[in-house]
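Student: Hi! Could you walk me through this structure?
Tutor: Happy to, let's have a look together.

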Amino acid sequence: MAGRINDDDVKAVRDAVPIDAVVSEYLQLRNAGGGNLKGLCPFHDEKSPSFHVSPAKGLYHCFGCQEGGDTVDFVMKIDHLSFAETIERLAAQAGITLRYEEGGYTPGRQQGERTRLVEAHKAAAQYYTDQLESPEAEIARRFLAERGFAQDAAQHFGVGYSPAGWDHLTRYLRGRGFTDKELVLSGLSQEGRRGPIDRFRGRLMWPIRDIAGEVVGFGARKLRDDDNGPKYLNTPETPLYRKSQVLYGIDLAKKEIAKSSRAVVVEGYTDVMACHLAGITTAIATCGTAFGEGHIKILRRLLMDNSGSEVVFTFDGDAAGQKAALRAFEDDQKFAAETSIAITPGGMDPCDLRLAKGDQAVADLVESRTPLFEFALRQVVSRHNLDTPVGRAAALDEAAPIVARIKNSAIQHESAVQLAGMLGILDTQFVVRRVAQLARWARERGRDGAPGQGRSQRRDAPPAAEPQRPAPGAGGPALNLRSPAHRVERELLKLALQRPDLVSPAFDAYGADEFTAPPYAVVRQCIEEAGGASAGSADGDYLARVRDAAPDDTVRAMVTELAVEPLHTRRDPDEAYAGVQLVAVRLAAVNQRVTEIRGTLQRLGSRADPQQLAAVQNELWVLQQYGQSLRERGAAAL
C-alpha cells in the first residue's frame with residue numbers, strides 16, 4: 001500500500017513554493033492591481049487576460065473558465081499529475097525531504113507514473129552528457145566543433161551522446177531501479193527480440209525540455225554512414241512527450257521572450273544553439289513537426305497577446321521554406337502579435353550562417369525581417385498573369401483577403417493601396433473598398449460567435465457578467481451572482497476573505513440568512529467554520545481552512561474566486577470602504593425583514609390577539625429605528 005505523505009510536509013511544501021513563481025513558468029504575468037497578477041489563462045483560449053493570481057493568498061482564479069485553486073491545484077491541472085506527484089515535484093524544487101506514513105516509502109513503487117518517467121529522462125540526460133566525453137563520442141564532438149559549438153555550448157544546452165551498443169542506457173537505468181515497462185513507456189527503450197533495447201544508439205542527443213525545464217524527450221542526430229535510420233530521430237509520442245505541444249529551447253528562451261515581447265522561430269536544434277550564442281536568446285524550434293496550434297498557445301501565454309509583440313519565423317528561401325512560411329501565415333490570426341519572416345540568404349540556415357559569417361550575421365538576419373503578410377502577398381501575386389484582366393482579377397480575389405487580415409488598420413489601408421499598384425489596377429479606391437469590406441465581414445463573423453473574437457472586454461477587470469449558477473442543492477432558477485442585488489454581498493465576502501482585518505469583528509455577527517444568494521450564504525458558513533474573519537486577521541492558514549470547510553468543489557471554487565477577484569475600489573480598501581459594505585448588507589437584511597413583518601401584520605388584521613399584535617408591532621418599530629440609524633450613522637450603528 002502506498003505511503004501517505006506526512007500532513008506537515010504537505011503544508012511545508014505549500015508554504016515554500018510561491019504560486020506566482022510556479023505560474024510564471026508557464027505564462028507571463030503582469031500587475032493587475034491590489035497586489036494581484038494577471039495573464040492569459042493556460043486552460044482555455046482567450047483574447048484578454050482573465051486569469052488572476054494572488055501571491056499573498058497563494059491562489060489563482062480564471063474569471064473566464066472558472067478554474068481556480070492553490071499552487072498544488074495549478075500544477076495538478078496543467079501537468080495532469082496526481083496529488084502525490086505534485087507534492088513530490090514541488091518538494092524537490094523547494095529542497096524539502098518528504099516523510100511517508102503507513103509503512104514508509106519505497107522509491108519507484110509509490111511515485112506516480114509521470115514522476116517516474118520524468119526521473120528516467122533526467123537520469124538519461126545526465127547519462128548522455130557524461131557519454132559525450134567518452135572516446136567513442138569523438139565523432140559527436142567533431143560534429144559540434146565543425147558547426148562552431150565549443151564544449152561550453154554543448155554543456156549549456158545539455159547536448160550528449162548515445163553509445164552505439166544495443167542496450168547501454170537500458171542496463172544503466174535498470175540499475176537505477178527503473179522497470180522495463182517504464183523504460184518502454186518513456187520512449188527511451190523499445191522492444192527487441194530478447195527484451196528492451198535502447199531507442200537511440202550512436203547519435204548526438206539534444207534533451208527536449210518542457211516550459212518548466214523538465215526533460216520530456218530527446219532529439220537524436222545521425223552521425224555515421226552505416227546508420228540506416230532517419231537523419232533526425234525524436235522521442236515517440238508518450239505520456240510526457242507530444243511533439244505538437246513542445247518547443248525546443250523554450251525553457252531557456254521563455255524569460256527573454258516575455259521580457260522583449262518577441263519570439264524567433266527557427267527550424268532545428270543547431271539553429272536554436274546558433275541563435276542563442278549569437279545573442280538571439282528568444283530562439284525556439286519545433287521538434288520534427290510543423291509549427292501549429294499547440295505551439296501557438298505556448299507562445300501566446302508568454303507574449304500576453306500584446307499587439308506590440310512579434311513572432312519572427314526564419315525559413316530557407318527554397319520552395320520548401322516558402323511553403324512553410326505560407327503555412328505559418330495561415331495561423332497568423334491566432335496571434336495578437338505581429339508575425340514576420342526572415343529569409344536566410346543562399347539557402348543557409350542560422351547555424352550555417354553563423355559559421356560562415358559570424359554572430360552579427362545571425363543578428364542581422366532577424367533584424368532584416370519583413371511582415372509575413374507582405375511575403376504571403378508577393379507569393380500569391382506571383383502566381384498570376386498580371387498582363388490580362390482575368391489574371392489581375394484572380395490575383396485580387398486571392399490577395400485582398402490577405403490584406404484584410406492585417407491587424408493594424410493604418411497598415412491595412414496603406415497595403416491595399418500598394419496592392420492596387422502591384423496588380424496594375426488604376427482604380428485604387430476600388431481595391432481599398434474591397435479590402436475594407438472583407439475586413440468588416442471578418443469582424444462581424446467574429447462577433448457572431450467565433451471563440452475568442454468579438455467585442456473585447458476591459459483588460460484591467462474580470463468579465464462583467466458571470467455564468468449563472470443554480471443555488472446549491474436547489475433546482476430553482478439560476479442566479480446571476482454579480483447582479484446589483486447581490487453585488488454588495490459579494491463585495492463583503494471578498495473583504496472577509498481578502499482583508500478580514502477591515503470587517504472584523506462586525507462581520508462575524510452576521511448570520512448566513514443576511515446573504516440572500518444561497519451560494520453566498522454557504523460561503524459565509526464556511527468562514528464561520530474556519531473560525532470567522534476575526535481569526536483570519538492574523539492567521540496565514542485562514543484561507544486554507546475556509547476552502548477546506550467547503551462542502552463540495554463548487555463552493556470551494558467560489559471561495560477561491562472571491563479570494564482572488566479584485567475589489568471594486570480604485571484605491572486601497574480601508575475601514576470606511578469596508579463599513580459601507582457592512583452597512584449595505586445589514587440594511588438590506590433589515591429592509592427585507594421589515595417587508596416580511598408588514599406582510600404579517602396585514603395577514604393578522606384587526607382580529608389578532610392583542611398581545612401577539614403588540615409584539616409584532618414592537619419588532620417592526622425596533623427594526624425601523626435600527627434601519628434609520630444605519631442610514632444616518634453608517635458603520636457606527638452596527
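**Inside the chain**

Tutor: Let's begin with Leu-299, which touches Leu-247, Ile-250, Ile-257, Ala-263, Val-265, Ile-284, Phe-291, Val-311 and Phe-335, leaving aside residues up to four places away in sequence. Contact here means heavy atoms within 4.5 Å. This is a predicted model, where local features need pLDDT of at least 70, side-chain atom pairs count only at pLDDT 80 or more, and totals for chains, interfaces and linings use all residues. Residues are numbered from 1 along each chain as its sequence is written, and side-chain values use heavy atoms, with hydrogens and water left out.

Student: Which residues touch the most other members in the largest nonpolar core?
Tutor: Of its 75 residues, they are Phe-51, Phe-74, Ile-250, Leu-299 and Leu-419. A nonpolar core is a set of buried Ala, Val, Leu, Ile, Met, Phe, Trp, Tyr and Cys residues joined through side-chain atoms within 4.5 Å. Buried means under 20% relative accessible area, with a 1.4 Å probe and protein chains only.

Student: And how much of the chain is buried?
Tutor: Of the 638 residues, 49% count as buried.

Student: New topic! How many helices and strands are there?
Tutor: There are 27 helices and 18 strands. Both are DSSP runs numbered from the N terminus: helices are H or I, at least four residues, and strands are E, at least two.

Student: What caps the N-terminal end of helix 26?
Tutor: Asp-574 does, with a side-chain oxygen 3.2 Å from the backbone nitrogen of Ala-576.

Student: And what follows helix 26?
Tutor: Gly-605 does, and its phi is positive, near 70°.

Terms used: Buried means under 20% relative accessible area, exposed over 50%, partly exposed in between (1.4 Å probe, protein chains only). A polar contact is a pair of N or O atoms within 3.5 Å; within protein, one must be able to donate a hydrogen and the other to accept it, and residues adjacent in sequence count only if both atoms are side-chain atoms.
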